[in-house]
Structures are given as C-alpha cells and as structure tokens.
Amino acid sequence: MGCDPKLKDFPYELNAGFLVDVARRAGQAIMEVYEGHEQDWGVQLKGDDSPLTKADLSANKVICDALSEAFPEIPITSEENKKVDWSVRKEYTYSWCVDPLDGTKEFLKRNGQFATLIALLKGSEAVLGLVQVPVTGQTYWAAKGRGAYVRDAQGKETRLRCREFDEKDEGLTIIVSRTHRGPKLEEFLSRYSNPKYIQLGSALKFTKICENEAQVYPRMAPTCEWDTAAPHVVLSEAGGGDPPVREVHRGRGAAGALGGGPRQEPTGVLQQGVGPEPVLHRVRKEEELTAGGA
C-alpha cells in the first residue's frame with residue numbers, strides 16, 4: 001500500500017491497511033443488506049426527513065466499534081451517532097468524522113451510487129480520508145502529504161493524480177448531483193463551452209474527479225462535515241482543488257480546512273479539479289452557520 005500516515009502528535013500508530021480493512025468491512029455490511037429483500041431494509045425517516053436503513057446502522061457499528069477499540073481516546077462524530085454540540089467538538093485535538101452510508105437515497109434506488117466515508121480530523125482540518133465503494137469493492141484513501149490512492153477489490157493499489165485543464169477548454173466533463181439542482185447551478189454551467197454531464201450521487205463525484213473522468217463538480221446546496229471531510233482529503237492529495245471554508249478563497253492555499261460549525265452552508269459553488277482557478281468555494285462565516293445535522 002501507499003505510505004502509512006504519519007502524525008507526530010497522534011497518540012496511536014496509524015496503519016493504512018487497517019483503516020482500509022475497516023472501511024471495506026463496513027462496505028460488506030452494507031452489501032449484506034443491499035442484496036437482501038427490500039422489505040428487510042428497515043427504512044425509517046430521521047428528524048430531518050432523510051432516510052435511515054439497517055445498512056446505515058450496521059456499517060456505523062462496524063466502523064465505530066473498530067475505531068473505538070483501536071483508538072480509544074479519539075472521539076467519533078458520525079451522522080448516525082448521538083449528536084455532540086459544536087462547543088464541545090471544537091475543542092477536540094483529533095477526532096473521527098464518519099458517514100457510514102453516504103447516499104442512502106441512492107441505496108434505496110438500488111443504483112449503486114453510495115459510499116462509506118471515514119476521515120480523521122486534526123482540530124477542524126481533515127488530514128486523512130477513506131471513501132469506500134461497497135458495490136465495486138474499491139477504496140480510495142489519502143493522508144495529508146502522503147498522496148492519494150485507490151485499492152481495488154483484489155488488493156491492487158494505484159496512485160491517483162489529477163490532470164490539469166483550462167476552464168476555457170471545450171467539452172469538459174461536469175458532474176451534477178442527482179438531487180440538488182436549481183437556477184444558480186444552471187447559471188454556473190452556462191459559462192462552459194459544450195460541456196458533457198455526468199449525473200452521480202454521493203461522494204462518488206469526488207472519485208471521478210480524482211480518476212480524471214470529470215473536471216468540475218459544482219455544489220450549490222448545503223453539505224455536512226461528514227459528507228465532504230474524507231473525499232476532500234483524497235481529492236486534495238490527488239492534486240485537485242482544495243475546498244476551504246468560512247471564506248472565499250481562490251488558489252491552492254489554506255488547504256484542508258473543514259467547516260467550523262455543525263453544518264457547512266455554501267453560498268457559492270465548489271469547483272473541483274486542477275485548473276486556472278482550482279477553487280471557488282464560499283460558505284458563511286462560522287457565526288452565520290445554522291445549527292443542526294452535525
């Protein structure tokens with residue numbers, strides 16, 4: 001595998017192989033439910049009307065049990081765990097940020113476009129991330145300063161590197177969400193010349209950028225920490241655009257800052273890939289962030 005992550009002040013040894021295995025076991029737990037009868041999925045609605053299934057809960061247990069046993073002093077923030085107030089979380093030196101099943105709506109559609117996301121945060125910065133794709137068995141992972149990799153179901157690992165492009169190029173491939181569209185997005189898309197479009201759900205959009213199957217991913221709708229922490233690290237280490245938060249930033253500086261509040265609220269657009277302006281991501285300042293969903 002690629003080099004194991006090295007963090008000078010992290011109180012435990014980090015082993016990439018172990019973390020990839022945890023992500024893959026979570027993916028296998030999801031597939032056990034996915035391949036069963038739909039009436040056994042245990043679908044319910046959470047307080048924000050987003051769906052929850054047995055697959056979400058099973059994968060969450062696999063991840064939280066493994067991380068808690070291996071790293072007992074490191075707190076875990078998961079979409080499916082009891083919420084911890086930001087006033088507490090902002091004091092964490094290190095913490096895990098988990099979305100056990102990113103793309104539950106895609107899971108329910110049986111289109112395979114969902115993933116397991118695990119990130120390690122140092123303060124508010126994502127420094128390690130894993131994106132596991134249960135349907136294919138692929139695991140994308142990266143650590144700050146160590147590069148980005150994808151490991152297939154057979155164990156073969158490949159380094160990920162984004163190719164450069166120019167926004168003025170004709171025929172760029174743009175990834176658009178299956179569930180988040182609107183006038184602002186259409187206005188943004190009008191700047192490109194004869195683009196090609198891919199519709200894709202969950203954090204798989206980031207992986208397509210990393211593998212040079214697309215160049216741009218605009219995001220106008222709100223997004224939560226656990227949705228972007230892990231894929232952010234993978235994309236950044238592959239050489240793609242770094243989405244900072246709490247300010248408008250263009251260029252490669254201030255990489256890796258993860259949202260300060262319980263929910264990241266974009267007011268602009270996130271542009272991924274390597275280009276003349278590799279980043280355009282705008283979110284409200286911390287004091288403007290809305291409560292909920294952390």
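Predicted model: local features only at pLDDT ≥ 70, side-chain atom pairs only at ≥ 80, totals over all residues.

Me: Which strand does strand 10 pair with?

Reply: Strand 11, residues 196-200, in the parallel sense, over five bridges. For one of the contacts, look at Thr173: its bridge partner in strand 11 is Lys196.

Me: Let me zoom out. How many helices and strands are in the protein?

Reply: Seven helices and eleven strands. The protein has 294 residues, and buried ones make up 55% of them. Of the contacts between residues at least 6 apart in sequence, 64% join residues at least 24 apart.

Me: And the open sheet, what's the strand order?

Reply: It goes 3-4-5-6-7-8-9, seven strands with mixed pairing. Strand 3 (76-78) and strand 9 (157-160) are the edges, each pairing on one side only. Ignoring direction, neighbouring strands in this sheet are turned by 20° against each other on average.

Me: Strands 8 and 9, do they run parallel or antiparallel?

Reply: Antiparallel, with four bridges joining strand 8 (residues 147-151) to strand 9. Val150 has Thr158 as its bridge partner in strand 9.

Me: What does helix 2 touch on the sheet?

Reply: Helix 2 (residues 54-70) packs there against strand 3, strand 4 (94-102) and strand 5 (115-122). The direction of helix 2 makes about 155° with that of strand 4.

Me: How about helix 7, which strands does it lie across?

Reply: Strands 3, 4, 5, 6, 7, 8 and 9, and helix 7 runs at about 95° to strand 6. Twelve of its 13 residues are buried, so helix 7 is largely enclosed by the rest of the structure. Among those buried ones are Trp226, Asp227, His232 and Leu235.

Me: Where does helix 7 bend?

Reply: At Pro231, by about 30°. The end-to-end length still works out: at 1.5 Å a residue, helix 7 (residues 225-237) should span 18 Å, and its end C-alpha atoms are 18 Å apart, which agrees. After helix 7 comes Gly239, with a positive phi near 100°.

Me: Switching to the core. Which residues have the most contacts inside the largest nonpolar one?

Reply: Leu67, Trp96, Phe107, Ile118 and Leu120, in a core of 36 residues. The elements giving two or more residues to this core are helix 1 (16-34), helix 2, and strands 4, 5, 6 and 7. Helix 1 supplies the largest share, ten residues. There's also another core apart from this one, with 31 residues, including Leu121, Ala142, Leu160 and Leu235.

Me: What does Leu120 touch, leaving out residues up to four places away in sequence?

Reply: Quite a list, including Leu7, Phe10, Leu14, Ile74, Tyr94, Trp96, Val127 and Leu128. Ser95 and Glu125 are on that list too.

Me: I was also curious about Thr207. Buried or exposed?

Reply: Thr207 is buried, because its relative accessible area is 5%. It sits in helix 6 (residues 204-210). Not counting residues up to four places away in sequence, Thr207 touches Val131 and Tyr140.

Me: Last thing, the asparagines. What is phi of Asn194 near?

Reply: Near 45°, a positive value in a residue other than glycine. Asn194 is in the loop between helix 5 (183-189) and strand 11. With a relative accessible area of 55%, Asn194 is exposed.

Me: And Asn212, where is that one found?

Reply: In the loop between helix 6 and helix 7. Asn212 has a positive phi as well, near 60°. At 17% relative accessibility, though, Asn212 counts as buried.

Notes: Residues numbered from 1 in each chain as written. Heavy atoms only, no water. Expected span 1.5 Å × (residues − 1). Bend = angle between axes of the 7 residues up to and from the residue. Buried < 20%, exposed > 50% of the residue type's maximum accessible area, 1.4 Å probe, protein only. Pairing = 2+ DSSP bridges. Axes fitted to C-alpha atoms, helices over the stretch in contact; angles between N-to-C directions. Contact = heavy atoms within 4.5 Å. Core = buried A, V, L, I, M, F, W, Y, C linked by side-chain atoms within 4.5 Å.
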